Every structure is written in structure tokens, then in C-alpha cells.
Amino acid sequence: MSNHDILHQTGTRIIELDIEGMTCASCVARVERKLGKLDGVEASVNLPLESAHVTVPDNVTDQQIVDTVNATGYKAWIRESRPSPSTAPSADHTHGRETDMLGALESSTEGSAGDGGAVEHDHSNSAPGHDHSDGAGVMRQRASKGGTTEHAEHGAGGGGAAEHDRSNSAPEHDHSAHEDHMHHGPASRQLRPRLIAAAILTVPVFAISMIPALQFPHWGWVAALLALPVVTWAAWPFHRAAAINARHFASTMDTLVSIGVLAAYLYSAWQLFANPMMTEHPGMESTGGMGGGLYFEVAAVVTTFLLLGRYLEANAKAKAGDALKALLNLGAKDATVLRDGVEHKIPAEQLVAGDIFVVRPGEKIATDGLVTSGSSAVDASLVTGESVPVEVGPGSQVTGATINTSGRLLVRATRVGSETTLAQMGRLVSQAQTGKAPIARLADRISAVFVPVVLVIALVTFVVWLALSGDLNASFTAAVAVLVIACPCALGLATPVGLLTGTGRGAQLGILIKGPQVLEDTRTVDAILLDKTGTVTSGKLAVGHTLALNGHSPADVLSLAGAVEAASEHPIAHAIAAAAKSAMPDAGPLLAVKDFSSAPGGGVRGMVALNGAGNGTERTVVAGRTGWLELNGIFPDDAQRRALATEEAGGATAIWVAVDGEPAGIVSLRDTVKAGSAAAIAKLKELGIRPLLLTGDNAAVAAQVATAVGISPEDVFAGVLPEGKVDAVRMLQSQGSTVAMAGDGVNDAAALAQADLGIAMGSGTDVAIEASDLTVMGSDLGQLVQAIELSRKTLATIKTNLFWAFFYNAIGIPVAALGLLNPMIAGAAMAASSVLVVANSLRLRSFAK
Ligand SMILES: Nc1ncnc2c1ncn2[C@@H]1O[C@H](COP(=O)(O)OP(=O)(O)OP(=O)(O)O)[C@@H](O)[C@H]1O
């Protein structure tokens with residue numbers, strides 16, 4: 001779907017919300033459920049990003065959405081609102097956060113912009129994404145004043161507040177708000193002092209409660225006093241969340257923690273008040289005669305552990321988002337634009353398509369463009385992950401954010417703002433991170449019913465224990481342990497943190513994963529169709545020699561073919577045109593062509609005007625494969641066909657050139673297999689994936705390439721027409737294979753979409769990227785292998801996370817109910833499970849390092 005299509009769909013719109021105050025999977029489930037109750041509204045909430053992607057029909061206002069979230073006890077702000085790309089957004093997140101990510105990009109390049117307001121204004125005039133936003137009546141302001149204040153509060157001092165002020169005026173700065181969420185969000189900022197205070201007070205409470213040698217007369221009162229601020233002030237975030245939820249008759253994991261901690265403290269306090277003398281002598285705690293004991297240390301230790309868990313979690317969440325931020329920060333800040341021969345330094349976001357800008361050696365290229373003069377090597381490793389700089393010269397396309405290493409370039413901007421490759425990358429990554437795997441939805445649903453169930457289990461534990469043993473002390477301990485061990489927060493973090501880290505690391509490596517479902521697909525894939533030209537081979541063909549037929553000269557054949565091919569984008573065409581040009585006398589221009597037409601996977605056709613013929617003599621030139629010639633009514637004789645077959649048998653890509661309806665010659669071209677292809681294919685086999693070669697080229701060339709890289713001869717599909725590529729995918733699928741397809745061209749788009757896993761390679765065409773599930777920015781097969789490995793590893797990580805999260809709860813609850821788990825250990829275990837899940841995910845950050 002083109003941007004144009006997206007912009008003109010009506011009926012629903014997409015709202016991006018920032019939501020504050022969610023702590024666990026139960027919160028996520030509640031927000032989704034409440035929003036889902038509004039007619040036609042669908043929401044997908046992301047816990048680590050503290051955001052929601054909501055599809056809203058026209059009859060529901062933005063304010064209603066915000067109010068609904070606020071009414072569930074959280075705080076919501078609208079980051080952005082725009083027409084929906086489709087009526088079923090959760091299924092199609094493809095364009096979900098278009099202007100959002102543009103905003104993100106712009107805010108990241110804002111640093112040197114000087115007057116931010118002016119920059120925004122200029123830019124929104126120039127970027128189509130913005131025009132659209134304006135037209136659609138984007139809600140640019142945050143929904144409530146309170147929201148802004150609150151956000152500013154979380155920012156790091158004045159700078160943060162200033163940033164938010166600006167974010168009120170235009171959506172492009174909302175990303176900075178987002179960053180603040182990640183870095184100075186309520187979590188780490190609020191939790192730190194509470195954690196420190198809790199830890200300092202808990203140590204003595206624990207020591208005097210547990211070590212009789214340290215006890216002194218009336219130590220119980222001292223413990224009660226020391227533990228009081230811990231269970232009230234330090235544990236406040238838990239109580240506050242529990243209270244907010246209770247107001248709405250809902251419960252989350254905070255409810256469990258809050259009840260557990262308060263119960264332990266109040267019960268102990270009640271014991272102490274009932275028998276003030278119970279700790280008169282050291283070691284006398286349980287001789288009070290009521291069968292009770294003191295649990296101040298339990299309340300304090302549980303609080304401290306849980307705060308520690310939350311704190312580490314908050315920091316880890318911030319780290320997990322780093323990769324995306326790093327990606328967005330890649331963009332150049334300034335551009336030197338050439339106007340009337342004079343260089344002007346302007347903020348990069350003020351560039352408009354058509355501007356000519358100067359890039360000096362060592363500078364970042366400000367935006368996507370076409371080199372108009374100069375030559376240099378461009379280091380694209382930051383964007384594509386490919387380490388070898390690419391040579392560019394006039395006519396070469398360059399990508400914004402790549403680095404010009406050697407020469408001075410003049411570049412004409414072709415894509416700016418939301419259109420640039422970098423913006424698209426950011427968008428894809430961000431969408432992937434907000435998407436939800438089916439398994440994560442399951443986890444959300446489970447945790448929503450989980451808390452009330454746990455409350456009941458805790459109550460039953462208490463009652464049954466008391467009935468069976470009559471021991472109030474033991475009954476109480478068991479019930480508190482159940483409450484504490486049951487917090488499902490690890491469950492809520494398992495998928496999003498894994499996904500965030502995996503996709504973030506991918507972005508750094510030039511690998512874009514479109515969504516959680518893709519991870520699942522990479523696991524099941526067992527066959528991969530590799531496009532030959534440009535994927536397995538370099539795609540940089542060179543003309544070997546030209547065979548002339550029917551009395552033509554090789555030079556004539558080449559110059560006529562070159563003239564027509566100059567109008568085509570095909571690698572074969574580039575090679576022939578380049579060879580023809582260098583063979584021209586005095587390196588003059590190629591002959592002029594009119595009535596050009598081309599058939600993908602077939603060849604080209606055009607009328608070439610002969611220079612020097614004076615009276616405008618023209619030749620009809622057809623170049624391409626046999627089938628294309630035949631379509632044009634040209635049928636080579638047997639001897640000519642044999643000549644072609646001989647060329648092909650030698651491993652060349654042989655192209656017919658026909659002039660005025662007669663075969664006139666054969667141009668032979670050669671491609672080179674990429675250095676890393678063989679190793680990558682061996683690796684694919686190791687991963688249990690059967691590599692197959694798919695090409696429009698002739699069988700002999702295909703077989704040679706296949707042998708060179710280790711693909712077995714029966715796994716080669718040669719001479720395949722573009723539409724045949726889809727059939728090849730279907731055929732393998734019908735044989736029961738789960739098929740991946742890697743390709744880079746427009747020709748491949750249909751096959752990419754048909755494949756179970758479509759992988760767009762190389763800087764790829766937009767169509768290919770659109771149709772694919774995975775995009776590998778580099779064109780090296782090794783990167784493709786890396787992409788599959790990373791996806792599989794991310795999925796494995798998520799699964800391990802879910803296992804541990806479920807495991808803790810599944811094992812912990814019965815053990816606690818049986819009275820075999822000390823509440824303090826339960827608290828530590830609970831916190832450890834969250835930390836474990838996050839730490840396990842962060843391991844992905846070192847993937848391929
Ligand atoms: N512009 C062109 N000029 C001449 N021949 C062409 C042109 N485009 C396509 N062909 C012919 O059609 C064949 C198939 O082209 P197609 O683009 O489908 O595949 P390819 O690029 O050769 O290989 P692959 O499928 O591996 O990318 C080519 O091998 C060539 O014979």
C-alpha cells in the first residue's frame with residue numbers, strides 16, 4: 001500500500017498513547033479490556049514502552065480514549081492521532097507509527113537546530129507525512145495539562161521540561177518524551193530513594209529479628225518502628241497502585257504485594273500491642289501465649305526485594321530501548337545546502353527534496369539522495385551493517401546517515417523526513433516492538449484472572465491451615481508467602497523485553513524484524529529460496545564478449561544494445577550499457593532511444609536513432625532472452641541457438657540482441673559469486689534450512705553458481721519468470737515445507753509475500769521491503785543467516801523468559817500454600833524472577849559482538 005493510500009483511508013484512525021502507571025501484565029490486560037469495551041476500539045498496549053497503539057472509529061473522540069484509560073487508574077496522553085492504514089490494525093502494523101517515528105527522528109536531530117520552533121515549522125511544510133498529519137487534524141497537544149507537568153517532572157531537570165514544552169507544539173518532539181520515559185521514568189526516579197531507605201532500615205530489622213544474639217529488651221518495638229517507614233513510604237508505589245485499582249474493583253500484582261506486606265506488618269503490630277511485653281527479654285518473641293509471632297522483618301525484606309526488582313527492571317527497560325534510540329540518533333544534524341552557488345549550513349530537517357547539498361569527507365550524508373558530482377567511498381555500515389565502504393559517483397544513490405569517507409560530494413536530496421530509509425527503519429523497528437506475539441497475549445490474559453485467583457488461594461490457604469493445624473502463625477506465614485510468590489510481573493515482561501532487545505540489536509546490525517510473528521516463522525522455516533543475481537552473486541555483471549551474427553559487427557551490436565539497455569534498471573542492462581559506453585569512440589554519449597519498453601524477466605525493446613545517418617534512420621532493437629525475442633516475433637535459427645547454448649554452457653549469461661526483426665548478436669556477461677555466499681549457505685544447512693537457488697538466468701549459469709556455493713543441483717530453479725517465482729514458493733509449500741524467500745527486486749515482491757517468511761535483501765526496493773517480513777539492509781548472505789539466527793535466538797529468549805515466569809508461579813504457589821516457603825524467600829524469588837527475565841533478554845544485546 002502506498003503512502004498515498006494510507007493517507008486517504010477513512011473510517012478509523014490510529015492513536016498512539018503514552019500511558020503512565022502500568023506495572024505488570026494485569027495492568028496491560030485491564031487497559032486493553034477497558035478500551036476494547038468502547039465500540040470498535042482495539043488497543044495493543046506495550047508495557048516496557050509504556051505506550052498503546054489504539055485503533056479508534058470516527059464516532060469515538062480522542063478525549064474519550066484518554067478518559068477511559070485515566071478512569072482505569074493510569075495516566076494517558078495522546079502522542080499522535082492519524083487515519084488508520086487499515087481497518088484491522090492489529091493485523092497490519094505496517095504503517096502504524098509513521099509520523100511518530102518521523103517525529104522521533106526529528107527530535108533526535110534537533111540538538112543543533114537552534115530555534116526548534118522554526119525548524120519544526122519549516123519541516124512540517126516540506127515533509128509529506130506532516131502535511132497529512134495536519135490535514136487529518138492531528139491532535140498535536142498532549143491531552144491534558146497535567147500530563148505535561150507530570151512528564152516534565154520526570155525529565156532530568158530544566159532541560160527535560162523545556163523539551164516537553166516544545167513537544168506540546170508539534171508531534172515531532174514526542175520522542176524526547178518517550179526517551180524520558182525510558183531514562184527518567186517514574187520507575188527509576190521514584191524508586192531509587194525508596195529503595196535506599198528501605199534497604200538501610202531493613203538490615204537492622206532483619207538482624208535483630210533473626211539473630212537472637214543481637215536482640216535486646218523490647219527489640220520488637222524497635223523493629224516495628226524501623227519497619228514502619230519501609231512498609232508505608234517505601235512500599236507506597238505498591239499501595240498506591242493497589243488502591244487505584246481497588247477503587248475500580250480491580251486487582252493487579254501490586255494488590256498482592258500491598259496486601260502481603262501490610263498483612264505481615266499489621267498482624268505483627270497487633271501481636272505486639274496485644275502483648276507489649278512479648279519482647280521484653282531477648283529470644284522471647286513467640287512465648288507471648290497467643291501463638292503468634294512477629295513478621296516485621298518479613299514485611300521489610302519483601303518490600304526491599306520487590307523494590308530492588310522493580311528498580312533493576314526499570315533500568316533494564318531503559319537499556320532495552322537504547323538500540324532504537326541509537327538508531328534514531330544516527331541521522332545527520334546539519335546539512336550544507338548549495339543555493340545560488342553559496343553554501344549555507346542549515347539543520348538537516350530543513351532540507352527539501354531537490355536541494356543540492358555538499359558532503360565533505362568524514363561528514364554524514366544528511367538525507368537520501370542522488371550524487372550529482374564528485375566521487376567517494378561511502379561507509380554505510382551504520383545503516384546496513386556492511387563493513388566495506390561502497391564506491392559512489394555521479395548518478396549513485398546514497399542513503400542518509402551514512403558516512404562519506406574520502407571525496408567531496410554534491411548530492412541532490414530525493415527523500416526527506418518520513419520518507420528516508422532511516423525513518424523507515426525506525427518505523428519498522430518501533431512497530432515490531434509494539435506488536436504482540438500470540439503467546440504474549442495469552443500471558444496477558446492469564447495474568448488478568450491470575451490475581452483474583454491468587455487472592456482466593458491465599459485465603460483458602462489461611463483457612464485450611466488454621467482448620468487443620470490450629471496454628472495461626474503457620475497459617476499466616478503460608479498465606480503471605482502465597483501472596484508474595486504469585487506476582488506475575490515476570491510474566492508481563494517476558495515477551496516485550498525480549499522483543500525490544502532482540503529487534504533493537506537487529507536494528508544495529510542492519511536487520512529489521514517486522515513483528516513478533518516473524519520470530520515464530522524463522523523457527524519453523526525449513527527451506528529458503530535464494531534469488532541468484534544480487535543475492536548469491538554480486539549482481540555486478542561484466543560483459544565478457546560480444547558475438548556478431550548476420551553480418552553485423554560486434555561494436556555495432558554492443559552500441560545498439562547499450563543504447564536500449566541504458567533505459568533499464570536491470571543489472572544486465574547496467575553492464576551492457578556501461579560496456580557500450582566505454583566502447584564508444586571518444587567515450588561519447590550512447591545513441592538516442594525512443595519507444596522504450598521492457599518486460600521484467602524478459603528483456604528490453606526500443607527504437608534507436610542512428611547518428612550520422614543524417615536522415616534519422618532508426619533501428620528497432622530487441623534484447624533479452626529467447627522467450628522475449630519470440631514474443632517479438634523473432635525466431636533465431638538452429639545454428640544461432642547453438643551459438644547461444646555454447647556461450648551458456650561456458651557459464652555466461654547470454655543475451656540475444658536483435659535488430660530490425662533479425663538476430664544480430666549475442667552478448668555474454670559474467671557475474672561473480674559473493675565471497676561470503678558459500679560459508680553462509682553452509683551455515684543455513686547447519687540451521688536445518690535447505691537452500692534452493694531461484695533465478696531467471698539460464699540453467700548452465702545457475703548450475704555453476706549452485707556448485708560454487710554448495711547448493712545441490714536438484715535444488716536449482718533456472719529460467720524462472722517473475723511470476724514463476726511465486727509458483728516455486730507455492731510448490732515447495734505444497735510439499736509441506738515452510739518456505740523463506742530472499743530477494744531484492746520488484747520482481748520478487750509477490751514471491752516475498754507468498755513465502756512464509758519473506759526476506760528483503762540489500763538496500764532493496766521499497767516494494768520488496770514492503771512485501772517482506774524481515775529486511776536485511778546489507779546484501780551479504782551472511783547477514784541473512786545472522787537475521788535468522790537473531791530471530792530464532794530472540795524467540796528462544798522469550799520462551800525461556802516465559803518458562804521462568806510461569807515456573808516461578810506454578811511451583812511457587814503450591815509450595816507456599818503448603819507452608820514450605822518463607823515469605824522473605826518468596827519475596828526474593830519473586831524479585832529474582834523479574835530480574836532474571838530482564839537479564840536473560842539483555843543477553844541478546846551482545847548477539848554477534
Ligand atoms: N534488461 C534486460 N536486458 C536483457 N535481458 C534481460 C533484461 N531483463 C531480463 N532479461 C533476461 O531475462 C532473464 C531473467 O531476468 P530476471 O530479472 O528474471 O532474472 P535475473 O536477474 O537474471 O536473475 P535472478 O532471478 O537470479 O535475479 C535474464 O537472465 C535475461 O536473460
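## How do we know? A walk through the model

Visitor: What makes β1 and strand β3 (residues 51–57) a pair?

Guide: Strands pair if DSSP finds at least two bridges between them, and β1 and β3 have seven, in the antiparallel sense. Along the way, leucine 17 stands opposite alanine 52 in β3. A strand here is a DSSP run of E with at least two residues, and a helix is a run of H or I with at least four, both numbered from the N terminus. By that count the protein has 33 helices and 26 strands.

Visitor: Where does all this come from?

Guide: It's a predicted model: local features need pLDDT of at least 70, side-chain atom pairs count only at pLDDT 80 or more, and totals for chains, interfaces and linings use all residues. Residues are numbered from 1 along each chain as its sequence is written.

Visitor: Why is strand β1 (residues 12–20) called largely enclosed?

Guide: A residue is buried if 20 or more other C-beta atoms lie within 10 Å of its own, exposed if 12 or fewer, and partly exposed in between, with C-beta atoms placed from the backbone. Eight of the nine β1 residues are buried, so the rest of the structure largely encloses this strand. Across the protein's 849 residues, 57% count as buried.

Visitor: What makes β15 and β24 partners?

Guide: Four bridges join β15 (residues 527–531) to β24 (residues 739–743), and these two run parallel. Alanine 527 of the chain stands opposite valine 739 in β24. Both strands sit in an open sheet of seven, ordered β14-β26-β25-β24-β15-β22-β23, with mixed pairing. Its edge strands are β14 (511–513) and β23 (716–717), as each pairs on one side only.

Visitor: How do you know which residues are around the ligand?

Guide: The test for being near is a C-beta atom, placed from the backbone, within 6 Å of the molecule. There are 23 residues around the ligand, and Lys532, Thr533, Gly601, Thr695 and Gly696 come nearest. Elements giving two or more residues to this shell include α22 (532–536) and α24 (571–583).

Visitor: Why say the ligand lies between two domains?

Guide: Domain 5 (511–537 + 673–777) and domain 6 (542–670) both give residues to the shell, so the ligand lies between them. The domain bounds come from an automatic or database assignment.

Visitor: What is the chain like over residues 801–818?

Guide: Residues 801–818 are 94% helix and 0% strand, with the end C-alpha atoms 26 Å apart.
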